[in-house]
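Keep the viewer open while you read.

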Amino acid sequence: MVPIVLGAVLGGTLLGAAAARPPAVLAQDTRQENEACLACHTAPGMVLQLPSTEVISVTIDAARFNASAHGRALACTACHPANVAVPHPAVRATTMREYREARARVCATCHADAAETFGASVHGRAGRMGFGDTPNCTTCHNPHDAARVKTPVFRNNIPQLCGTCHADPAIMGKYGLRAVYTTYISEFHGVTTTLYKLTRPQSPTPAAICTDCHGGHGIRAASDPASMVHPANVLATCRRCHPTAGRFFATAWTEHRTPSPDASPLVYYVQIFYRILIPATVGFLGVLTVLDLGRWATDQLRRGRTG
């Protein structure tokens with residue numbers, strides 16, 4: 001049995017009728033309809049369990065939803081038209097993947113441009129090929145908290161969001177990719193973003209995050225000539241933040257590889273040099289300081305005895 005936890009007491013006709021109403025009336029009706037839904041769906045622990053045994057939380061944070069772009073403009077039934085009826089009809093999806101694909105089709109009814117761009121991306125094409133672990137709309141966006149995408153917090157968390165998959169060697173290995181997340185967060189851009197996330201979460205990181213260099217909905221494989229990080233395009237991408245970058249600027253990029261004798265050897269040996277030089281310099285100065293203090297203490301003792 002599918003324990004669908006229901007809420008929502010919704011009445012009236014939806015988008016077609018609402019579109020003909022004055023905006024003020026629409027906002028009032030929308031608010032009333034959403035309040036009816038939230039009367040049930042703010043209860044903690046509400047879940048929808050699919051036949052696959054996968055569980056979806058259907059508890060909504062009312063404050064965050066009402067502050068979101070969707071909460072300010074749409075009735076719940078704009079995305080869940082079947083749920084006008086109470087009890088709600090059973091969900092047709094049998095797996096989380098099917099459920100998310102159905103949600104993505106709903107997103108596309110308003111976000112057609114983004115859906116088209118995503119469909120041409122490496123993620124969109126992999127999804128159409130049947131790879132179940134590729135992301136779609138709701139993997140990266142919470143439709144009940146849609147305002148967050150424009151906030152500094154969302155920007156500062158994008159590397160962690162991408163890292164959900166791109167830090168997993170098992171998922172990346174399946175597609176012949178490297179798990180680049182760990183390397184990214186150890187690089188200058190990643191370190192800066194992590195510091196902003198920890199110390200200034202309300203300020204957007206000025207350092208490049210994943211989507212700045214790879215795109216958002218339109219991410220393509222690096223080998224694709226249309227990719228922002230294709231060898232022919234990467235310098236132009238760098239110059240979006242570094243407008244004075246010279247023609248060899250992009251050659252310093254390690255392509256998210258951990259420097260080694262085989263990958264970015266110059267960077268690797270410079271790192272080795274500094275890992276030796278810095279401790280050696282600090283140690284040498286420490287020894288000199290200890291010797292100098294020893295000499296000073298000895299002189300003080302001698303003066304005390306002769307004085």
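What follows goes from the overall build to the salt bridges, then to one cysteine and a surface patch.

Keep in mind that this is a predicted model, where local features need pLDDT of at least 70 and side-chain atom pairs count only at pLDDT 80 or more, while totals for chains, interfaces and linings use all residues. Residues are numbered from 1 along each chain as its sequence is written, and side-chain values use heavy atoms, with hydrogens and water left out.

**Overall build**

The protein has 16 helices and 2 strands; both are DSSP runs numbered from the N terminus, with helices being H or I of at least four residues and strands E of at least two. Its radius of gyration is 28 Å, well over the 19 Å that the globule rule gives for 307 residues, so the protein is more spread out than a compact globule. That radius is taken over C-alpha atoms, and the rule is 2.2 Å times the number of residues to the power 0.38. Along the principal axes, the C-alpha atoms fill a box of roughly 105 × 55 × 45 Å.

How much of the chain is buried? Of the 307 residues, 26% count as buried, meaning under 20% relative accessible area, whereas exposed is over 50% and partly exposed is in between (1.4 Å probe, protein chains only). The protein exposes about 19300 Å², and carbon and sulfur atoms supply 64% of that area. These areas come from the Shrake-Rupley method with a 1.4 Å probe, and for residues only the protein chains shown count as cover. Among contacts (heavy atoms within 4.5 Å) with a separation of 6 or more, 57% are between residues 24 or more positions apart.

**Salt bridges**

Side chains of opposite charge can pair when their charged atoms come close. Here a salt bridge is a side-chain nitrogen of Lys or Arg within 4 Å of a carboxyl oxygen of Asp or Glu, and the structure holds 7 of them.

| Pair | N to O distance |
|---|---|
| Arg64 and Asp145 | 3.0 Å |
| Arg155 and Asp212 | 2.8 Å |
| Glu255 and Arg257 | 3.6 Å |

What does the Arg64 and Asp145 salt bridge tie together? Arg64 lies in helix H3 (residues 62–67) and Asp145 in the loop between helix H9 (137–140) and helix H10 (152–166), so the pair links parts that are 81 residues apart in sequence. Arg64 is partly exposed at 40% relative accessible area, while Asp145 is buried at 9%.

Next, Arg155 and Asp212 form a salt bridge. Arg155 sits in helix H10 and Asp212 in helix H14 (residues 210–214), so this pair ties together parts 57 residues apart in sequence. Arg155 is partly exposed at 22%, and Asp212 is partly exposed at 22%.

**A cysteine and a patch**

Cys76 is in helix H5 (residues 76–79) and counts as buried, with 18% relative accessibility. Leaving aside residues up to four places away in sequence, Cys76 touches Asn34, Cys37 and Phe65. Its C-alpha atom is 9.3 Å from that of Leu38, 38 residues apart along the chain.

Which residues make the nonpolar surface patch of about 690 Å²? They are Leu266, Val270, Phe273, Tyr274, Leu277, Ile278 and Val282. Patches are made of residues with over 30% relative accessible area and no salt bridge, with like charges joined within 9 Å and nonpolar side chains (Val, Leu, Ile, Met, Phe, Trp, Tyr) within 5 Å. Phe273 lies in helix H16 (residues 265–306) and is partly exposed, at 47% relative accessible area.
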